[in-house]
Structures are given as structure tokens and as C-alpha cells.
Amino acid sequence: MKQLKILLAASEAVPFSKTGGLADVAGSLPLALSSLGEKIAVFLPYYRLTKNRDFGIKFLQKGLKAKWGNWNPDFSLYHCKKENVDFYFIDEKEYFNRDFIYGTPLGDYPDNAERFGFFANSVLSSAQALNFKPDIIHCNDWHTALIPFYLKYKLANQGFFKNTKILFTIHNLAYQGVFPKEVISKLGIGCEFFVPESLEFYGKLNFIKSGILYSDAITTVSRGYAKEILTKKFGCGLEGLLALRKKNLYGIANGADYRQWNPRTDKLIKVNYDRKSLRNKLECKKDLLKQTKLSLSPALPLLGVISRLTQQKGIDIIIDSIPRVVTLSCGLVILGVGDEKYHKKLLALAKKYPQNIAVRIGFDNKLAHRIEAGCDMFLMPSRYEPGGLSQLYSLKYGTIPIVRAVGGLNDTIIDYGKNPDSGNGFKFSTLRPDDFIGALKRAISVYKNKKEWKNILLRIMKLDFSWEESAKEYIKVYQSIMR
Ligand code: ADP
């Protein structure tokens, strides 16, 4: 089979920039594709936070132009190579040289439509400038969703991208990139496209519609979510449009990158461990208790949460359950950043129950690894969950996931109570603190039987959710749209 030439565009990718799972995917999938023999170039914005760290990124070219909007100045291209994958960074001082990726703690940047419209636009000019003629452009989420529009309506008949096909991946349908009508002229989008059949959505411009309508195929990050988004409950108003594209809609589960998330080699945790040295996990637990100043006995269950603190993640369910979690003699470490109202409530609860509850507001990769290693159970009571990565990492760290049966969580976690031979976690269905606590109590009663608990750990730490299989599925989809 001929080697594929793939251009992947994303707004964040590990290790250069990250707010959530999209970055994990955009950083790891290209490496997996490259080890399977494909040629891949990744395009990212060159954020200030990327510039401030040393990744060995070098200047490549200046004086480039994004073509179809009212953009200000030229932009430059920077580059670095990682395991045969080329990473290109779009450097534009107005749009990306800021303190945050999408917005300040007070809210989104008001010019996000221009920022990411520009990004979409500049990715295509960069590919031309580099003479990188891709077989596939793989776009991710709304930030890159205008690429299919520009390709179809501005470039399709031009030789350069004539044979290029587009895959659009939805990592989270709830974030659509919806902006006031006025921005269309800035983005070089004609009024004729501001209609319901195209990019208009209830009187506004909707970026993700472009990804859904104008790409050759669509994927989302789990099979479960691929089905869910066709329903009114999870379709966020786009279920009808997605139904029209059902034949070209696939669910491909996310993989876990065990080069970064493996307790045997993880450089960020206190002591390394694996199935054969599980006692070292206890050292990680003691270290986490010390670091978070919890005075809990290490013999008691310690629960972890690492999450964007948004309604999606069921943070309200956790908040409402905390008084009962405390009576169950559990400790709980929460790391996250998001809605201010959750920050306040969580910090107040940590103050009220200082022996049991520790809360860290912020983004802290090192602490995230230490929580995965140091906790006994990991909580994900999500309202919806397109794929979910943390539950996969938890399995590898022997930190048993307690999850709501939804989306990617439902696909990857098998309830231990119902399936004692294959169970790898505890699941509950309805979004109520009672049901969540019910699952937690079931987990705690198993935890008390040390031998039984250890047997589950020995089994789940062996499970393999690495990227290779998922990368092969992406290749199948790329090949099918090229045919
Ligand atoms: P989502 O993409 O919806 O945010 P996922 O479970 O798919 O959720 O991925 C979340 C990723 O982001 C994981 O790698 C998790 O460790 C990381 N993460 C989330 N919040 C934080 C945080 N506050 N600090 C460090 N890492 C975080």
C-alpha cells in the first residue's frame, strides 16, 4: 500500500500545548501513524506558552500570508521534528502570542473566530509554501473546521489540493465555534454561505458545521459517542445534520500513549511501579497524601479527579456527594480548572473537610501523573464523554475507574460487579449522587478485601489501549475516503 501523506491540524497538541484530551490525541496519534509508516505533518498555532519552553523549535520561513480574510500582517512558520513527525507552528503575533490558548479565566478571547479562522486559512497557505501536498487533511474540532470550507470553495479546483481529501474528527460536539454573523466578512466567507444549508446556525455562524458538511468523512472519539451524537440528547442541535452524513461517520476509540502514561517509566511520579512491584504504588499514595496535606490513613481509599471543571464532567455530582464521601472514610484529591462557581464550591469543601478533601485549581501535569499513581480509584461521573482518556490512564496505573456509563466511558469500562472475570471498574447509569455513591460503595466493599482488589489491579494494569489499533482504524478511514 502506498505511503499516505497526512496533514493534521489541531489547536493544541502534547507536549507543546494542552488544555485537555484533544492535545493528547493530536500529540500521540501522529507518532503512531508515523510508526505505521505514514508521512505526517502536524500544524499548530505557536502560542506564547509553547515559545516559553524549550522544545527545540526553529524558525523556518517568514512573510507568509493567509489569503481569504481581512487578516492583518504576514505570519511566520517554525518547525521541529519528533520521531519522524514534522511539527509546524504558525506564528502570528496578534492572535497566538497571548497568555492562554482559548481565553483568560474571565472568558473566551472575543476574537476567537478570527484567531482560528486565520489558523485554518494559514495552514493551507503553509502547506502550499512548503510544497507539502497531502493526500489527507485531518482536522480536529471547531478550531480547524473551516479548513474543509476553504478547501472546497476557495481551492478545490486549484491543482495543489486537487486530490486532497478531508477527515474531520469531533472530539467534543458541545464546542461548536458559534459566532455573530458579522465575522463572516472578516473570514472571507460570502453571504451566500450564511444560510441554514451551509454555515448559518440560528442566526449565527457555526464553524463545526463546515467540518460536518464539507469533509469527506467524519470520525468521533468512541463508537458509543458516534451513535449518541445522532440523538437529540447528545446531538447539541446538530443531530439532524449528522444523520445526513451517517454513512461517513465513524467512531474510533482514543488510544493511551504509554510512553507518557506508564507507572513503570513515568518520570513525574515518586516511585515507579508495575504489576510486579505494586507495593511501590503505596509509596506514591503516601507521597500524594503528604503533598496534598491530607491526614488520611494510607490504608483508607483515596479517590482522584483530574478534569476540566465543567458541567460536562459531572463536577456538580461530585460536589453534592462530598459530605457522604467523607462519611465513607475516603480521601479525595481534585485537580482541575474551569467554571468559577465550581472553584469556589470545591475550595469551600476542602476548607470544611481538610483531612479528607484536597483541591488544586489549575493545570498541573506533574500533579496529574501523581494523582493517577497515588490514588486507589478515579472518578468520572460525566454527563457525556466523547472518548475520555483519564480512565485509560487510570487502568494502567492500577487506579480503578468509577464512571458513568456514557460515551467512551461506557465503551471502555466493564462493571466489575456484573462481570467479576473481566470487570475493570465500577459503573453507574443515572446522573444522581445516590447512584454515584452506590457505585463508590460497591468499590469500597471490594477494596476492603485486599486480595480481591489486588487481583483486579493485576488484571487491569495488563490491559492494552495503546494507539496502534486506533491508528490502524484511522488509516482504514483515510484509505476509504481516498478511494
Ligand atoms: P477532556 O478532553 O474532555 O478534557 P479527557 O479525559 O479526554 O477529557 O482528557 C483529559 C486530559 O487532560 C488528560 O490527559 C488529563 O490528565 C488532562 N487534564 C485535565 N485537567 C487537567 C489539569 N487541571 N491539570 C493537568 N492535566 C489535566
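## Backbone details

N131 sits in the loop between α3 (112–129) and β8 (136–140). Although N131 is not a glycine, its phi is positive, at about 55°. The model is a predicted one, and local features such as this need pLDDT of at least 70.

A second detail concerns a proline. The peptide bond that runs from V14 to P15 is cis, and its omega is near 5°. P15 belongs to the loop between β1 (5–9) and α1.

## Ligand shell

The ligand is surrounded by 22 residues, and the closest are K18, G21, D24, K313 and G362. By residue class, the shell around the ligand holds eight nonpolar, eight polar and six charged residues. Domain 1 (5–255 + 467–482) and domain 2 (275–460) each supply at least three residues to this shell.

## Polar atoms and cover

Three distances describe how polar atoms of the protein are placed relative to the ligand. In the side chain of R308, an N or O atom is 2.8 Å from an oxygen atom of the ligand. A nitrogen atom of the ligand lies 3.0 Å from a backbone N or O atom of D364. At L389, a polar backbone atom is 3.1 Å from an oxygen atom of the ligand.

On its own the ligand has 560 Å² of accessible area, of which the protein covers 94%. Two or more residues of the shell around the ligand come from each of these elements: α1 (21–35), β15 (302–309), β16 (331–338), α12 (365–374) and α13 (390–396). Which element gives the most to the shell around the ligand? The answer is β15, with three residues.

## Second largest pocket

The second largest pocket contains about 370 Å³ of space. Its lining is made up of 16 residues, of which L278, D376, K450, W453 and L457 are the closest to the pocket centre. Two helices, α9 (279–291) and α16 (450–460), are the elements that give two or more residues to this lining.

How do the residues of the lining of the second largest pocket divide into nonpolar, polar and charged? Eight are nonpolar, two are polar and six are charged.

Technical notes. Residues are numbered from 1 along each chain as its sequence is written. This is a predicted model: local features need pLDDT of at least 70, side-chain atom pairs count only at pLDDT 80 or more; totals for chains, interfaces and linings use all residues. Side-chain values use heavy atoms; hydrogens and water are left out. On a 1 Å grid over the protein atoms alone, a cavity is a set of points where a 1.4 Å probe fits but cannot get out, and a pocket is an open set with protein on both sides within 12 Å along at least five of seven lines; lining residues have an atom within 4 Å of a point. Grid points are joined across faces, edges and corners, and a volume is the space filled by probe spheres set on the points. Helices (H or I, at least four residues) and strands (E, at least two) are DSSP runs, numbered from the N terminus. Ala, Val, Leu, Ile, Met, Phe, Trp, Tyr, Cys and Pro count as nonpolar, Asp, Glu, Lys and Arg as charged, and the others, Gly among them, as polar. A residue is near a molecule or strand if one of its heavy atoms lies within 4 Å of it. A polar contact is a pair of N or O atoms within 3.5 Å; within protein, one must be able to donate a hydrogen and the other to accept it, and residues adjacent in sequence count only if both atoms are side-chain atoms. Accessible areas come from the Shrake-Rupley method with a 1.4 Å probe; for residues, only the protein chains shown count as cover. Domain bounds come from an automatic or database domain assignment.
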